[in-house]
Amino acid sequence: MNPLPYLRPPGAKLRPRLKACRVLGIDLGTTNSTVAEIRWSPSEPETIEPAVCLEVAQPTLSGDFTSVLVPSVVSQLSDRQLVGEGARRCLSRSVELGLRPFVNYLAEAKNEMGIGRTYPQAKSGCRSPAEVSGQVLRFLRDQTPGAVARTVVTVPASFQISQREDTLLAADLAGLRLGHGDLLDEPLAAFLDFLARQGPAILDGVADETETMIVDFGGGTCDVAIFTLRRLPDGTLSVSPRAVSRYHRLGGADIDRAIVHQVLIPELARQNRIPPEDWEYEVRKEQLEPQLLATAEQLKVGLCELLVHRQAHGADLTEVLADTVKTYPGVQTVRLADGSQLKLSSPALDGLRFAELMTPFLDAESLQADEDEYTLSCSVFAPITDALERAKLRPSQIGFLLAVGGSSLNPLVIQALKESFGEFLVHRFDSALDMQVAVARGAAYHALLLHLYGRSLLTPVSSDSLSLQTDRGLHEIVPRGQALPFAADFRPSGPHRIVAPGGPIRITFWAGAGVEARPVFTGVTQPIPAGMPLTLSFDLDANQHFTFGVTPAEGGETFAGKIESPLHNVVNPGKDREMILRIERAVRSGEYPPETIPARMLELALLHSKVGMHDKAAALLKRLIRQQPEYRQSALVHLANVYGRKGDAFRQEKCFLDAVLAGSSMALLNLANLYSRKGRWAEAEEMCRRFEAEEPSAIGMVLLARCLRAQGRNEEATEALFDAFNRFGSDLASFDETTFSWYQAAATMSSDPVHRRLAAAEEARRKAGPLRPDEDDGHLPRLESDPR
């Protein structure tokens, strides 16, 4: 079938003097990458063969492996570098080969694009996500020798500017020269290929103007795009993008990790008669997980194939879950860094357990990501809902849904989509392989259309509005849905003009509108005289690169820049998680002086514990205890608190006792508190008196009063409370939260109403919050309208 007639853009004509050529489309995936090609000849200008994905020979430690799917992995061994399948297979031998994530085993670099991540311990050429991705792209390009007229590389539609820039850098490092429009959004590429494979017949029974949704659920991202599809009178199609979801780090690899930590590691512990809690963070994450991931993936894929097969023979999916089991035959040897070996014999995954694991990934109500140090789960309906809200559509208004990506092979995913959108609206490719290579083939069609006609069926548009913040609020300069590239000058002679308020000017750009508006750039100019008109020049190109310049009308230095939002590409990362990213990035890149690293490790440990990553926090604290003797006391106390949050009372008490032996008086107070919660009042009293002897404090006396009262010694308790209030003093506003909570506890125990009134008043004041002026670095530009 010749797909060119219905892929041709409306009204497009062939560019003159074209020669025979071939074009490439590359899907640079999180898990797998693929390259597709199309050849065109001027002797048959209106005819092409369908895009073909190229078989790629991939060296492994046991010979070449050939496939159209190339794992996006680089392994740097002592004597060679492997890319693709050979690199991926090394993971199951990670301990034996001495491989460490982000050091000499580099995978899922796509998820790290645009956030400033570096890998300083990796070898030259692989020290950033862009460099790792460049190695994968170069490997693909080297497998396709010969002249190429145009190459298109795909990216998630939700990729922000910094992520797209990293992708362009990766292509440049690979020797690929990409022009305007040569980054194509993955969901649109998949739809191009679906249209090319199925033809216009796929739209039979669909309205001439249809709201279309593409759900691209791959190995590392879940991308949702919505566009309006129109059939024109001449038989061609028009595609008008409406919205894309924000970037969601959600993919099949997250399901694999859930299987590893919730199924395989517990089974490994059971078979080897080891209590699972004996394996700490480094063992679970850095030794067990890498060796078990391939097993988890094969169990998942195999179980899904069994379920699909039974569905194809008329079985109801819900009914066959209970008696469908996938077993990984044989015995797998798992090696640990201490030289010991574990055996995992014939692990299995049944349908009911898999459905249970999939529950958070398919929850249509709970849309927030849930992450710990081992796994991340987020519902596929989070990006779907996000895209619908941004398009201002209801699910019932979607007339056509295409599910693509490797994770769409999961029948539970398809069932959930059908339940939400309707049985007959959800479409898929005919084969599993087509689902995984559609994006690369669509990119090849896009490359060909750009080469032949100068434009594609798919017109890139701005997925959000861009506005300049002024003294009158946000002033839109790029409307949402604006065709790209788009460049303009905001000059003093126009209907609106911007004017210097006097002094430095704060230039802030915002993306989005209303409650979704978010700042994406802030910078401060040099002082400019008040009343000086300003010219704002900007350019948003087809790859969504935004550059700008602000120039005083009467001459002077131009303030230029580009939008960067390196730490806001993930939906709802939270301030604490952002801080973790910043500190980890700075530590890896050597930004901190060596003498400050222990303090940063302690800060990281506390942040990880705060966001629920207790095993990661414990690992950092133990490393600090081993390597930095001067931090031993405080690290042991914090480690005890981490064990307390995990509910491990035995290890919590042990760490507190070790901290006491190391000379920590604060550990005495913590032990007293621990014993009091367990009702061990005599031991708690002993710790309180030891603490009082070393470090008298109001908090210690409150806890002592609690211990005395619990033992029926009320007069002694009253005396301890009287002493505590004297030590607290009367300046409650100066108390930190911990001190104030103990004052409240003392007031509750006290018979004096004055202390209770003071505590209540202070609590009300704190709930009201302090009134603080906003930080003002520079003044906002004035927006003036032409009175004419």
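**Terms and values in a predicted model**

Reader: What makes strand 29 and strand 30 (residues 546–552) a pair?

Author: Strand 29 and strand 30 are joined by seven antiparallel bridges. Two strands pair if DSSP finds at least two bridges between them, so the term applies here. Within this pairing, Ser 537 stands opposite Gly 549. The model is a predicted one, in which local features need pLDDT of at least 70 and side-chain atom pairs count only at pLDDT 80 or more, whereas totals for chains, interfaces and linings use all residues. Residues are numbered from 1 along each chain as its sequence is written, and side-chain values use heavy atoms, leaving out hydrogens and water.

Reader: How do you know which other strands pair with strand 29?

Author: Strand 25 (residues 486–490) is joined to strand 29 by five bridges and runs antiparallel to it, with Phe 486 opposite Leu 540. Strand 26 (residues 496–499) is also antiparallel to strand 29, with two bridges, and Val 499 stands opposite Pro 533. Strands (E, at least two residues) and helices (H or I, at least four) are DSSP runs, numbered from the N terminus.

Reader: Why is strand 29 called largely enclosed?

Author: Of the eight residues of strand 29 (residues 533–540), six are buried, so the rest of the structure largely encloses this strand. Buried means under 20% relative accessible area, exposed over 50%, and partly exposed in between (1.4 Å probe, protein chains only).

Reader: How do you know whether Ser 128 is buried or exposed?

Author: Ser 128 has a relative accessible area of 17%, and is therefore buried. This residue is in the loop between strand 9 (105–107) and helix 4 (129–142). Setting aside residues up to four places away in sequence, Ser 128 touches Arg 117 and Tyr 119; a contact requires heavy atoms within 4.5 Å.

Reader: How do you know what span is expected of helix 16 (residues 614–627)?

Author: The expected span is 1.5 Å times one less than the number of residues. Helix 16 has 14 residues and reaches 20 Å from its first C-alpha to its last, close to the expected 20 Å. The helix is mostly covered, with 11 of its 14 residues buried, including His 614, Leu 620 and Ile 625.

Reader: Why is the chain called as compact as a globular protein of its length?

Author: The chain contains 24 helices and 32 strands. Its radius of gyration is 31 Å, close to the 28 Å given by the globule rule for 788 residues, so the description holds. The radius is taken over C-alpha atoms, and the rule is 2.2 Å times the number of residues to the power 0.38.
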